[in-house]
Amino acid sequence: MNRSDVILELQLVPELLRQAEAIYVDALSELSWAKHQLLAKECEVIGDGLVTGKNELQRQAEMWPHTKELQQQVLRMEDALEHTKVEFHFYKRKLENLQTIAKLMTIL
């Protein structure tokens with residue numbers, strides 16, 4: 001990697017990092033909204049008297065048919081959030097590495 005490559009990368013990577021961070025923040029927001037919708041649905045089901053179980057397992061079993069799709073959506077969003085976090089950290093480390101390389105090039 002020569003100086004011009006490092007300079008070019010140092011110009012490009014901050015924007016890629018910004019985009020990855022924006023995607024991560026959006027995914028985090030979407031996950032929060034999905035969890036809110038799930039909680040609202042659980043409250044609705046309980047409020048309608050559809051859950052009457054005496055213990056937690058019975059209540060979960062009664063709740064499942066009403067919240068299954070929302071629970072699956074939350075799980076998918078949590079998985080997607082982890083993937084966006086990987087991308088964000090990749091660009092963060094890449095920028096740090098490029099900065100270190102640039103410092104080393106000035107020393108040499």
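**Exercise 1. Locate Thr67, decide whether Thr67 is buried or exposed, and list what Thr67 touches.**

Thr67 lies in helix α2, where helices are DSSP runs (H or I, at least four residues) numbered from the N terminus. The model is predicted, so local features need pLDDT of at least 70 and side-chain atom pairs count only at pLDDT 80 or more, while totals for chains, interfaces and linings use all residues. Residues are numbered from 1 along each chain as its sequence is written, and side-chain values use heavy atoms, with hydrogens and water left out.

Next, take accessibility: Thr67 counts as buried because its relative accessibility is 0%, the classes being buried under 20% relative accessible area, exposed over 50% and partly exposed in between, with a 1.4 Å probe and protein chains only.

Finally, turn to the neighbours. Not counting residues up to four places away in sequence, Thr67 touches Leu38, Lys41 and Glu42, contact meaning heavy atoms within 4.5 Å.

**Exercise 2. Find the aromatic pairs and describe the geometry of each.**

A search of the whole structure finds two aromatic pairs, where rings of Phe, Tyr and Trp (its six-membered ring) pair if their centres lie within 6.5 Å, and planes under 30 degrees apart count as stacked, over 60 as edge-to-face and the rest as tilted. Tyr24 and Phe88 form a stacked pair, with 6.2 Å centre to centre and 15 degrees between the planes. This pair links distant parts of the chain, since Tyr24 is in helix α1 and Phe88 in helix α2, 64 residues apart. Phe88 is buried, with a relative accessible area of 14%.

Phe90 and Tyr91 form an edge-to-face pair, with 5.1 Å centre to centre and 70 degrees between the planes. Within this pair, Phe90 is partly exposed at a relative accessible area of 41%, whereas Tyr91 is buried at 15%.

Technical notes:
Helix = DSSP H or I, 4+ residues; strand = E, 2+ residues; numbered from the N terminus.
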